[in-house]
Amino acid sequence: MTDTPPLNFDPRLFVGASTFGHAGLLGIEYHDHEADWSELKLPYDPRLIGDPESGVLASGPILTMMDMATSLAIWIKLGRFRPHATLDLRIDYLRPATPHKTVYGRGECYRITRTISFIRGTAHDGDPADPLAHVAGTFMFMEWKA
């Protein structure tokens, strides 16, 4: 038995520190998490509209949020930050986001191997039973030398 404390990764601190990165510039915020999932939110912002006539958010910011939510889920499950790269991230859009509504993205890590992690998730704009997108994918861990 060891006296080493358990590892802990706090997604609130990670997301809160990224005010100038890609996610920060898009306005992505922390919403919730548990042992193998995280949930982020993307508040409606007119700068992120894809089609000015419809007022619907572009797909790129939603995909970015889902990539980040699933990455966070991996680190939460691991209990620490470990560099990885998105190997494959498939997104199936089921419908457009509702104009003027916040979009929520929940990412879940359901398996981790020595080199690959497997994720899935959904995005919705207020009703998880009516998702606007599903994602599934894999991330590959990278060697990192400080």
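Author: A term to begin with: contact means heavy atoms within 4.5 Å. Leucine 40 touches Val15, Ile28, Glu29, Tyr30, His31, Met65, Met68, Ala69, Leu72, Val103, Tyr104 and Gly105, leaving out residues up to four places away in sequence.

Reader: Where do these numbers come from?
Author: This is a predicted model: local features need pLDDT of at least 70, side-chain atom pairs count only at pLDDT 80 or more, and totals for chains, interfaces and linings use all residues. Residues are numbered from 1 along each chain as its sequence is written, and side-chain values use heavy atoms, with hydrogens and water left out.

Reader: How many helices and strands are there in the protein?
Author: Three helices and eight strands. These are DSSP runs, numbered from the N terminus: helices are H or I, at least four residues, and strands are E, at least two.

Reader: Which residues touch the most other members of the largest nonpolar core?
Author: Ile28, Leu40, Leu42, Ile62 and Val103, out of 32 residues. Such a core is a set of buried Ala, Val, Leu, Ile, Met, Phe, Trp, Tyr and Cys residues joined through side-chain atoms within 4.5 Å. Buried means under 20% relative accessible area (1.4 Å probe, protein chains only).

Reader: Which element gives the most to this core?
Author: α3, with ten residues. The helix covers residues 59-78, and 14 of its 20 residues are buried.

Reader: What comes just after α3?
Author: Glycine 79, with a positive phi of about 85°.

Reader: New topic. How much of the protein counts as buried?
Author: 42% of the 146 residues.

Technical notes:
The expected span of a helix is 1.5 Å times one less than its number of residues. Buried means under 20% relative accessible area, exposed over 50%, partly exposed in between (1.4 Å probe, protein chains only).
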